[in-house]
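Please look over the sequence and the structure shown here before reading on.

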Amino acid sequence: MSSMAASNDLTALLQKRTEIEAELDNCSAVLDKHHLSMSDPLIDSQGFPRSDIDVAACRIARTSIIRLRNDHKAVMSAIEASVHAGFQVETASQAAPPHAPQPASARTVFTDRQPFALVNSVADASPAALAGLQAGDQIVTFGSTHAQNHRALARLAEEVAHATQENTSIEVTVLRKQEGRTAFLRRAVRPNTAWGGRGALGAHFLPL
């Protein structure tokens with residue numbers, strides 16, 4: 001693949017990501033309008049559909065959010081693969097030595113997003129610690145959440161609740177400054193309420 005083709009592929013993937021995130025925002029707005037989370041009940045205590053919300057619209061929004069989150073995860077993986085492919089093409093064209101792949105736990109990724117949250121603390125042996133998150137990391141993306149849609153970090157809790165319910169991992173991109181260098185790193189964090197500490201991640205976040 002030529003460097004031009006790799007660039008075109010990446011541009012298309014970034015556009016697809018933007019479209020998915022816009023759809024996610026629209027679906028989340030439906031739930032916000034009804035003051036509803038992904039796990040709040042749609043029926044009342046008598047087992048009937050709630051009369052204070054548009055149950056059909058909320059059910060459709062929830063289903064769409066689950067689908068779009070899966071699509072977003074797939075697109076983010078494709079973006080990372082495209083970035084690495086483009087790097088390899090450029091390296092080959094310059095007749096440089098082959099680029100040795102980094103371990104999956106320390107892959108560098110590139111993003112046009114700005115950090116929106118700070119990892120204030122990470123408990124020892126917690127899911128966050130096992131995933132490689134460190135105090136001082138700046139969150140750039142957290143699942144489908146980024147600087148433009150995190151709603152004062154409220155969406156972080158929603159992402160964690162969804163991943164806990166589905167027993168899936170959350171793709172997290174962090175900006176890490178270490179020894180005078182800055183890198184974007186991706187981590188896969190799997191929430192676990194039974195790890196023995198506070199919260200499902202064992203990490204505390206602050207808004208930037």
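What follows is a short account of strands, aromatic rings, nonpolar cores and salt bridges.

The model is predicted. A search of the whole structure finds 8 salt bridges, while the number of aromatic pairs it holds is 1. The largest nonpolar core has 20 residues, and another core, of 16 residues, lies apart from it.

**Strand pairing**

- Strands β2 and β3 pair in the antiparallel sense, over 4 bridges, and within this pairing I139 has V174 in β3 as its bridge partner.
- Strand β3 is also joined to strand β4 (residues 181-189), with which it runs antiparallel, and here there are 9 bridges; one of the partners is R181 in β4, which is bridged to Q178.
- The two strands β3 and β4 form a hairpin that leaves 2 residues between them, and E179, which sits in the turn, has a positive phi of about 55 degrees.

**The aromatic pair**

- The structure holds 1 aromatic pair, made by F142 and F205, whose ring centres are 5.9 Å apart and whose planes stand at 75 degrees, so the pair is edge-to-face.
- Because F142 lies in strand β2 and F205 in strand β5 (residues 203-207), the pair ties together parts that are 63 residues apart in sequence.
- F142 is buried, with a relative accessible area of 1%, and F205 also counts as buried, at 15% relative accessibility.

**The nonpolar cores**

- Leaving aside residues up to four places away in sequence, V172 touches L133, I139, T141, F142, L185, R186, R187 and V189.
- In soluble globular proteins, nonpolar side chains tend in general to be buried together.

**Salt bridges**

- One of the 8 salt bridges found in the whole structure is formed by the side chains of R176 and D137, which meet at 2.7 Å, N to O.
- That pair links distant parts of the chain, for R176 is in strand β3 (residues 170-178) and D137 is in the loop between α3 (127-131) and β2 (138-142), 39 residues apart; R176 and D137 are both buried.
- A further salt bridge joins D71 to R67, with the closest N and O atoms 3.6 Å apart, and both residues lie in helix α2 (residues 55-93), where they are 4 residues apart, or about one turn of the helix.
- D71 is partly exposed, with a relative accessible area of 31%, and R67 is likewise partly exposed, with a relative accessible area of 41%.
- D52 forms a salt bridge with R50, in which the closest N and O atoms are 2.8 Å apart, and D52 counts as exposed, its relative accessibility being 53%.
- There is also a network of salt bridges, in which D32, R151 and E158 are linked.

Conventions
Residues numbered from 1 in each chain as written. Predicted model: local features only at pLDDT ≥ 70, side-chain atom pairs only at ≥ 80, totals over all residues. Heavy atoms only, no water. Salt bridge = Lys/Arg side-chain N within 4 Å of Asp/Glu carboxyl O. Buried < 20%, exposed > 50% of the residue type's maximum accessible area, 1.4 Å probe, protein only. Pairing = 2+ DSSP bridges. Phe/Tyr/Trp six-rings, centres within 6.5 Å; stacked < 30°, edge-to-face > 60°. Core = buried A, V, L, I, M, F, W, Y, C linked by side-chain atoms within 4.5 Å. Contact = heavy atoms within 4.5 Å.
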